[in-house]
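Let's walk through this protein together, one piece at a time. Keep the sequence and the 3D view side by side as you read.

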Amino acid sequence: MSVFEQIDRLLLTAAVVLVLVAGLLLVRIWRGPSMLDRAISLDVIAALIIAGLGAKSAVALDSFYFPIMLVLAFLGFTGSVGIARFIAVRDRPAVTVPTREAPGPDAGETKEGPK
């Protein structure tokens, strides 16, 4: 095994370990207080799965997982957009429409008609 192959294996092992550590640290985001925290954690989970599949493809020297990674990236993106739109609609401030008050003595009209 050459030096470059040893460095390659070391870097791939480090990448797999970092993906696993990131997955373990994700528990804090998943339990976050808001729905936006959970949406971000779902996005990070999708990215970690894609990174894990990429590392597996690199270790096995196999390109079988590339279409799967592409589909997962598309699903993660559309899911994030859908959640963001849902949160934007849910958190939209209420619009108040000005209404006309009932005519009174100081509103410009009296019982006799306009002033």
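## Two helices side by side

Helices α2 and α3 pack at an angle of about 175°, and their axes lie 10 Å apart. Axes here are lines fitted to C-alpha atoms, for helices over the stretch in contact, and angles run from 0 to 180 degrees between N-to-C directions. That angle makes α2 roughly antiparallel to α3; angles under 35 degrees count as roughly parallel, over 145 as roughly antiparallel, 65 to 115 as roughly perpendicular and the rest as oblique. By class, the contact of α2 with α3 has 16 nonpolar, four polar and two charged residues. In this scheme Ala, Val, Leu, Ile, Met, Phe, Trp, Tyr, Cys and Pro are nonpolar, Asp, Glu, Lys and Arg are charged, and the others, Gly among them, are polar.

To find this contact in the view, look on the α2 side for residues including M35, L42, I49 and L53, and on the α3 side for residues including F66, L72, I83 and R90. Contact means heavy atoms within 4.5 Å.

A word on what you are looking at: this is a predicted model, in which local features need pLDDT of at least 70 and side-chain atom pairs count only at pLDDT 80 or more, while totals for chains, interfaces and linings use all residues. Residues are numbered from 1 along each chain as its sequence is written, and side-chain values use heavy atoms, with hydrogens and water left out.

Now step back to the overall layout. The protein has three helices and two strands, and along the sequence they follow the pattern α-α-α-β-β. Helices (H or I, at least four residues) and strands (E, at least two) are DSSP runs, numbered from the N terminus. Of the 115 residues, 14% count as buried, where buried means under 20% relative accessible area, exposed over 50%, and partly exposed in between (1.4 Å probe, protein chains only).

Let's return to α2, which covers residues 35–60. Its 26 residues should span 38 Å at 1.5 Å a residue, and its end C-alpha atoms are 38 Å apart, which agrees; the expected span is 1.5 Å times one less than the number of residues. The buried residues of α2 are A39, S41, A46, L48, I50, L53, A55 and S57.

The C-alpha atoms of A39 and G82 are separated by 10.0 Å, although the two residues are 43 apart along the chain; G82 sits in α3 and is partly exposed, at 37% relative accessible area. The C-alpha atoms of S41 and V27 are separated by 8.5 Å, and V27 belongs to α1 (residues 3–30).

Leaving out residues up to four places away in sequence, S57 touches D62, Y65 and F66.

After α2 comes L61, in the loop between α2 and α3 (66–90). L61 is not a glycine, yet its phi is positive, at about 55°. With 76% relative accessibility, L61 counts as exposed.

Which residues form an aromatic pair that is edge-to-face? They are F64 and Y65, at 5.2 Å centre to centre with 80° between the planes. Rings of Phe, Tyr and Trp (its six-membered ring) pair if their centres lie within 6.5 Å; planes under 30 degrees apart count as stacked, over 60 as edge-to-face and the rest as tilted. A search of the whole structure finds one aromatic pair. F64 counts as exposed, at 53% relative accessibility.
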